[in-house]
Amino acid sequence: MGLFNRKSAATSTAAPAAPAAVAVSSGESLSHLSGDWVIDSTHSEIGFSLKYAKVTTMRGRFTEYDGRLHLDAATPSASTAEVVIKIASIDTALAGRDEHLLNGDFFAVEEFPEMTFRSTGAEQVDEDTFRMNGDLTIKGVSRPVALDLTLNGEVVDPMGTVRVGFEGSATINRSDWGLTYNAALEGGGVLISDKVKLTFDISAIRPA
(Lines give C-alpha, C1' and ligand atoms only; values in the text may rest on other atoms or scores of the structure.)
Protein backbone atom coordinates (compact mmCIF):
# COMPACT_ATOMS: atom_id res chain seq x y z
CA MET A 1 0.00 0.00 0.00
CA GLY A 2 1.37 3.34 -0.92
CA LEU A 3 2.83 5.42 1.87
CA PHE A 4 4.09 8.98 1.96
CA ASN A 5 6.48 10.47 4.47
CA ARG A 6 6.75 14.27 4.45
CA LYS A 7 10.15 15.92 3.90
CA SER A 8 11.01 19.59 3.94
CA ALA A 9 11.41 21.06 0.46
CA ALA A 10 14.96 22.05 -0.56
CA THR A 11 15.68 25.76 -1.00
CA SER A 12 16.48 26.74 -4.59
CA THR A 13 17.24 29.98 -6.40
CA ALA A 14 16.27 28.55 -9.79
CA ALA A 15 13.06 29.55 -11.53
CA PRO A 16 10.04 27.61 -10.20
CA ALA A 17 9.56 24.31 -11.97
CA ALA A 18 7.95 20.99 -11.19
CA PRO A 19 10.78 18.68 -10.11
CA ALA A 20 10.88 15.14 -11.40
CA ALA A 21 10.09 12.23 -9.13
CA VAL A 22 13.18 10.68 -7.57
CA ALA A 23 13.51 7.00 -6.75
CA VAL A 24 14.38 6.07 -3.17
CA SER A 25 16.41 2.98 -2.45
CA SER A 26 15.24 1.01 0.55
CA GLY A 27 18.23 -1.31 0.56
CA GLU A 28 17.72 -4.45 2.59
CA SER A 29 15.78 -2.73 5.39
CA LEU A 30 12.20 -1.48 5.28
CA SER A 31 12.42 -0.08 8.82
CA HIS A 32 11.72 3.46 7.57
CA LEU A 33 8.24 2.29 6.55
CA SER A 34 7.28 1.30 10.09
CA GLY A 35 4.58 3.35 11.77
CA ASP A 36 1.02 4.57 11.25
CA TRP A 37 -0.39 5.68 7.89
CA VAL A 38 -3.75 6.74 6.45
CA ILE A 39 -4.88 5.83 2.95
CA ASP A 40 -4.97 8.74 0.52
CA SER A 41 -8.05 8.04 -1.59
CA THR A 42 -7.13 10.73 -4.13
CA HIS A 43 -4.15 8.64 -5.22
CA SER A 44 -5.62 5.19 -4.67
CA GLU A 45 -8.22 2.94 -6.24
CA ILE A 46 -10.33 0.07 -4.89
CA GLY A 47 -11.99 -1.78 -7.72
CA PHE A 48 -13.71 -5.01 -8.68
CA SER A 49 -14.45 -7.05 -11.77
CA LEU A 50 -16.64 -10.02 -12.66
CA LYS A 51 -17.91 -11.86 -15.70
CA TYR A 52 -21.12 -10.54 -17.25
CA ALA A 53 -23.22 -12.68 -19.61
CA LYS A 54 -20.36 -15.21 -19.59
CA VAL A 55 -18.36 -13.45 -22.31
CA THR A 56 -17.47 -9.96 -21.05
CA THR A 57 -15.94 -8.44 -17.93
CA MET A 58 -17.80 -5.80 -15.95
CA ARG A 59 -15.56 -3.46 -13.94
CA GLY A 60 -16.33 -0.98 -11.21
CA ARG A 61 -14.81 0.87 -8.29
CA PHE A 62 -15.62 2.59 -5.01
CA THR A 63 -14.69 6.27 -4.82
CA GLU A 64 -15.20 6.99 -1.11
CA TYR A 65 -13.35 5.13 1.61
CA ASP A 66 -11.13 5.62 4.64
CA GLY A 67 -8.31 3.39 5.75
CA ARG A 68 -5.57 3.17 8.35
CA LEU A 69 -2.43 1.07 8.32
CA HIS A 70 0.16 0.21 10.90
CA LEU A 71 3.33 -1.17 9.32
CA ASP A 72 5.93 -3.03 11.34
CA ALA A 73 8.97 -3.82 9.19
CA ALA A 74 10.80 -5.64 11.98
CA THR A 75 7.81 -7.87 12.75
CA PRO A 76 5.53 -7.95 9.67
CA SER A 77 3.00 -10.11 11.53
CA ALA A 78 2.33 -7.12 13.81
CA SER A 79 1.21 -4.97 10.85
CA THR A 80 -2.49 -4.11 10.70
CA ALA A 81 -4.98 -2.58 8.28
CA GLU A 82 -8.55 -1.30 8.43
CA VAL A 83 -10.56 -0.01 5.47
CA VAL A 84 -14.14 1.32 5.53
CA ILE A 85 -15.82 1.71 2.12
CA LYS A 86 -18.95 3.76 1.45
CA ILE A 87 -21.15 1.47 -0.66
CA ALA A 88 -23.07 4.42 -2.13
CA SER A 89 -19.87 5.53 -3.89
CA ILE A 90 -19.97 2.56 -6.26
CA ASP A 91 -19.20 3.51 -9.87
CA THR A 92 -19.55 1.13 -12.81
CA ALA A 93 -19.86 3.92 -15.43
CA LEU A 94 -23.58 3.20 -15.84
CA ALA A 95 -25.99 5.05 -13.53
CA GLY A 96 -28.87 2.58 -13.89
CA ARG A 97 -26.63 -0.33 -13.05
CA ASP A 98 -25.22 1.49 -10.03
CA GLU A 99 -28.75 2.12 -8.75
CA HIS A 100 -29.57 -1.57 -9.11
CA LEU A 101 -26.42 -2.56 -7.22
CA LEU A 102 -27.42 -0.30 -4.34
CA ASN A 103 -30.93 -1.68 -3.88
CA GLY A 104 -32.13 -4.79 -2.08
CA ASP A 105 -31.16 -7.16 -4.88
CA PHE A 106 -27.52 -6.53 -4.05
CA PHE A 107 -26.00 -4.29 -1.35
CA ALA A 108 -29.18 -2.93 0.31
CA VAL A 109 -27.27 0.28 0.96
CA GLU A 110 -29.90 1.92 3.17
CA GLU A 111 -29.56 -0.88 5.71
CA PHE A 112 -25.87 -1.64 5.15
CA PRO A 113 -24.12 1.59 4.05
CA GLU A 114 -20.56 0.37 4.57
CA MET A 115 -18.24 -2.48 3.65
CA THR A 116 -15.24 -3.07 5.93
CA PHE A 117 -11.96 -4.97 5.94
CA ARG A 118 -10.17 -5.45 9.26
CA SER A 119 -6.93 -7.40 9.34
CA THR A 120 -6.37 -10.36 11.63
CA GLY A 121 -2.78 -11.15 10.67
CA ALA A 122 0.01 -10.37 8.22
CA GLU A 123 3.13 -12.01 6.80
CA GLN A 124 5.97 -11.16 4.44
CA VAL A 125 6.05 -13.83 1.73
CA ASP A 126 9.24 -12.65 0.01
CA GLU A 127 11.18 -9.42 -0.55
CA ASP A 128 8.34 -7.67 -2.42
CA THR A 129 5.24 -9.70 -1.52
CA PHE A 130 3.08 -9.47 1.58
CA ARG A 131 -0.13 -11.19 2.65
CA MET A 132 -2.74 -9.49 4.81
CA ASN A 133 -5.37 -11.78 6.31
CA GLY A 134 -8.56 -10.27 7.63
CA ASP A 135 -12.33 -10.21 7.87
CA LEU A 136 -14.35 -8.68 5.04
CA THR A 137 -17.82 -7.57 6.15
CA ILE A 138 -20.61 -6.99 3.62
CA LYS A 139 -24.32 -6.75 4.50
CA GLY A 140 -23.53 -7.67 8.09
CA VAL A 141 -21.74 -10.89 7.10
CA SER A 142 -18.04 -11.27 8.01
CA ARG A 143 -15.83 -13.81 6.29
CA PRO A 144 -12.04 -14.28 6.12
CA VAL A 145 -10.16 -12.98 3.09
CA ALA A 146 -6.44 -13.03 2.24
CA LEU A 147 -5.05 -10.05 0.31
CA ASP A 148 -1.82 -10.57 -1.60
CA LEU A 149 0.10 -7.30 -1.91
CA THR A 150 3.13 -6.45 -4.06
CA LEU A 151 5.48 -3.63 -3.13
CA ASN A 152 5.92 -1.46 -6.23
CA GLY A 153 8.77 0.57 -4.79
CA GLU A 154 9.40 4.02 -3.35
CA VAL A 155 9.64 7.47 -4.87
CA VAL A 156 9.96 11.08 -3.78
CA ASP A 157 7.26 13.04 -5.60
CA PRO A 158 7.49 16.70 -6.76
CA MET A 159 6.09 17.83 -3.40
CA GLY A 160 8.98 16.20 -1.55
CA THR A 161 6.78 13.39 -0.26
CA VAL A 162 8.09 9.83 -0.03
CA ARG A 163 5.57 7.44 -1.52
CA VAL A 164 5.53 3.67 -1.38
CA GLY A 165 3.15 1.85 -3.69
CA PHE A 166 1.43 -1.48 -3.21
CA GLU A 167 -0.92 -3.31 -5.54
CA GLY A 168 -3.03 -6.23 -4.45
CA SER A 169 -5.94 -8.48 -5.23
CA ALA A 170 -8.25 -11.11 -3.81
CA THR A 171 -10.91 -13.31 -5.38
CA ILE A 172 -14.16 -13.99 -3.53
CA ASN A 173 -17.55 -15.59 -4.17
CA ARG A 174 -20.17 -12.87 -3.70
CA SER A 175 -22.79 -15.41 -2.63
CA ASP A 176 -20.78 -15.97 0.58
CA TRP A 177 -21.90 -12.47 1.61
CA GLY A 178 -25.53 -12.85 0.56
CA LEU A 179 -25.11 -11.18 -2.86
CA THR A 180 -27.01 -13.84 -4.74
CA TYR A 181 -29.11 -11.97 -7.33
CA ASN A 182 -28.90 -13.40 -10.84
CA ALA A 183 -30.81 -14.02 -14.04
CA ALA A 184 -30.84 -17.04 -16.32
CA LEU A 185 -29.40 -16.84 -19.83
CA GLU A 186 -31.07 -18.38 -22.82
CA GLY A 187 -29.17 -21.54 -23.63
CA GLY A 188 -27.90 -22.02 -20.09
CA GLY A 189 -25.81 -20.25 -17.52
CA VAL A 190 -26.44 -17.07 -15.56
CA LEU A 191 -25.99 -13.38 -16.24
CA ILE A 192 -23.53 -12.51 -13.45
CA SER A 193 -20.65 -14.65 -12.22
CA ASP A 194 -20.45 -15.56 -8.55
CA LYS A 195 -16.68 -15.05 -8.58
CA VAL A 196 -15.55 -11.43 -8.08
CA LYS A 197 -11.98 -10.15 -8.26
CA LEU A 198 -11.15 -7.31 -5.86
CA THR A 199 -8.21 -5.07 -6.80
CA PHE A 200 -6.27 -2.53 -4.76
CA ASP A 201 -3.88 0.22 -5.83
CA ILE A 202 -3.28 2.03 -2.57
CA SER A 203 -1.32 5.04 -1.40
CA ALA A 204 -1.15 6.35 2.17
CA ILE A 205 0.29 9.23 4.17
CA ARG A 206 1.44 9.79 7.72
CA PRO A 207 -1.51 11.05 9.81
CA ALA A 208 -1.33 14.71 10.82
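Analyst: The model is a predicted one, and by the distance rule for ring centres the count of aromatic pairs comes to four. In one of them, phenylalanine 62 and phenylalanine 107 have ring centres 6.4 Å apart and ring planes at 80 degrees; since planes over 60 degrees apart count as edge-to-face, the pair is placed in that class. This pair links distant parts of the chain, for phenylalanine 62 belongs to strand β5 while phenylalanine 107 lies in the loop between α1 and β9 (114-126), 45 residues apart. Phenylalanine 62 and phenylalanine 107 are both buried, and together with Phe48 they form one aromatic cluster.

Another pair is made by phenylalanine 130 and phenylalanine 166, whose ring centres lie 5.6 Å apart with the planes at 70 degrees, so this pair too is edge-to-face. Here strand β10, which holds phenylalanine 130, is linked to strand β12 (residues 161-173), which holds phenylalanine 166, across 36 residues of sequence; both of these phenylalanines are buried.

As for the largest pocket, its space comes to about 400 Å³. Phe48, the cluster member named above, is among the residues closest to the pocket centre, as are Leu50, Met58, Leu101 and Phe106, out of 23 lining residues. Strands β5 and β10 are among the elements that give two or more residues to this lining, which by class has 20 nonpolar, one polar and two charged residues.

Conventions: Residues are numbered from 1 along each chain as its sequence is written. This is a predicted model: local features need pLDDT of at least 70, side-chain atom pairs count only at pLDDT 80 or more; totals for chains, interfaces and linings use all residues. Side-chain values use heavy atoms; hydrogens and water are left out. On a 1 Å grid over the protein atoms alone, a cavity is a set of points where a 1.4 Å probe fits but cannot get out, and a pocket is an open set with protein on both sides within 12 Å along at least five of seven lines; lining residues have an atom within 4 Å of a point. Grid points are joined across faces, edges and corners, and a volume is the space filled by probe spheres set on the points. Helices (H or I, at least four residues) and strands (E, at least two) are DSSP runs, numbered from the N terminus. Ala, Val, Leu, Ile, Met, Phe, Trp, Tyr, Cys and Pro count as nonpolar, Asp, Glu, Lys and Arg as charged, and the others, Gly among them, as polar. Rings of Phe, Tyr and Trp (its six-membered ring) pair if their centres lie within 6.5 Å; planes under 30 degrees apart count as stacked, over 60 as edge-to-face and the rest as tilted. Buried means under 20% relative accessible area, exposed over 50%, partly exposed in between (1.4 Å probe, protein chains only).
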